[in-house]
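Keep the model open beside you and try each task before reading its solution.

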Amino acid sequence: SQDKRNPDGLDGLCGSAENRTTHERGTMTGNYPYRATRLVRSTSTDSTTGEVNEIFTSGSVYWASLKETTGQRATEYGTVQSSADATIKIRNYPALSALDRLSVVTDIGTKIYIIDNIIVGNNELICSCSRFDNLGV
């Protein structure tokens with residue numbers, strides 16, 4: 001017999017989640033309905049100017065939950081931008097670092113979050129993050 005909670009028979013680790021609603025995707029992945037790609041931060045120093053440049057390379061993809069907690073307007077990177085604080089929970093204990101970024105795919109699009117700090121939860125990492133509306137990689 002087929003599992004009524006998961007009618008298409010997928011176990012949450014395979015199949016396409018792009019065209020499913022949040023509720024449907026929730027049945028596939030439990031409490032982690034979104035995919036988050038780690039953007040690994042590294043730095044290099046310009047030998048001429050001494051300026052430190054950030055470089056972000058695409059890393060692993062994880063199952064995640066996302067809850068934006070506070071919206072705000074802030075002056076960051078030289079201009080006034082709208083922004084938000086968020087809590088992102090990542091299933092299991094992947095290797096993440098503060099100042100890395102997470103690119104989270106949701107039903108309304110993809111947003112990029114900066115990891116401010118990380119704490120260990122019950123079989124998950126809990127990341128306090130910030131998002132700036134005009135932030136690119």
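Which residue forms a salt bridge with R131? Before the solution, a word on the ground rules. This is a predicted model, in which local features need pLDDT of at least 70 and side-chain atom pairs count only at pLDDT 80 or more, while totals for chains, interfaces and linings use all residues. Residues are numbered from 1 along each chain as its sequence is written, and side-chain values use heavy atoms, with hydrogens and water left out.

**Exercise 1. Find the partner of R131 and describe the pair.**

Step 1. The partner is E68, and the closest N and O atoms of the salt bridge are 2.7 Å apart. The term salt bridge stands for a side-chain nitrogen of Lys or Arg within 4 Å of a carboxyl oxygen of Asp or Glu.

Step 2. Strands (E, at least two residues) and helices (H or I, at least four) are DSSP runs, numbered from the N terminus.

Step 3. Check the cover. R131 is buried at 9% relative accessible area, whereas E68 is partly exposed at 36%. Buried means under 20% relative accessible area, exposed over 50%, and partly exposed in between (1.4 Å probe, protein chains only).

Step 4. List the surroundings. Neighbours within four places in sequence aside, R131 is in contact with E68, S82, S83, A84, K111, I112 and Y113. Contact here means heavy atoms within 4.5 Å.

**Exercise 2. Trace other salt bridges in the chain.**

Step 1. Start with the count: the rule gives 4 salt bridges.

Step 2. Take R38 and D100, whose side chains meet in a salt bridge of 2.7 Å, N to O. R38 belongs to strand β1 and D100 to the loop between β3 and β4, so this pair ties together parts 62 residues apart in sequence. R38 is buried at 14% relative accessibility, and D100 is buried at 2%.

Step 3. Move to R101, which forms a salt bridge with E54, their closest N and O atoms being 3.8 Å apart. Because R101 lies in strand β4 and E54 in strand β2, the pair ties together parts 47 residues apart in sequence. R101 is buried, at 5% relative accessible area, while E54 counts as partly exposed at 40%.

Step 4. Look for a network: salt bridges link R41, E54 and R101.

**Exercise 3. Is L102 buried or exposed, and what surrounds it?**

Step 1. L102 sits in strand β4, residues 101-106, and is buried, with a relative accessible area of 0%.

Step 2. Beyond its neighbours within four places in sequence, L102 has contacts that include A36, T37, I88, I90, L96 and I112. C-alpha to C-alpha, L102 and I112 are 5.7 Å apart in space and 10 residues apart in sequence.

Step 3. The largest nonpolar core has 15 residues, of which I88, I90, L96, L102 and V104 touch the most other members. The elements giving two or more residues to this core are β1, β2 (52-76), β3, β4, β5 (109-120) and β6 (124-132). A nonpolar core is a set of buried Ala, Val, Leu, Ile, Met, Phe, Trp, Tyr and Cys residues joined through side-chain atoms within 4.5 Å.

**Exercise 4. Summarise the chain.**

Step 1. The secondary structure comes to 1 helix and 6 strands, in the order α-β-β-β-β-β-β along the sequence.

Step 2. Of the 137 residues in the chain, 34% are buried.

Step 3. Among contacts with a separation of 6 or more, 51% join residues 24 or more positions apart.
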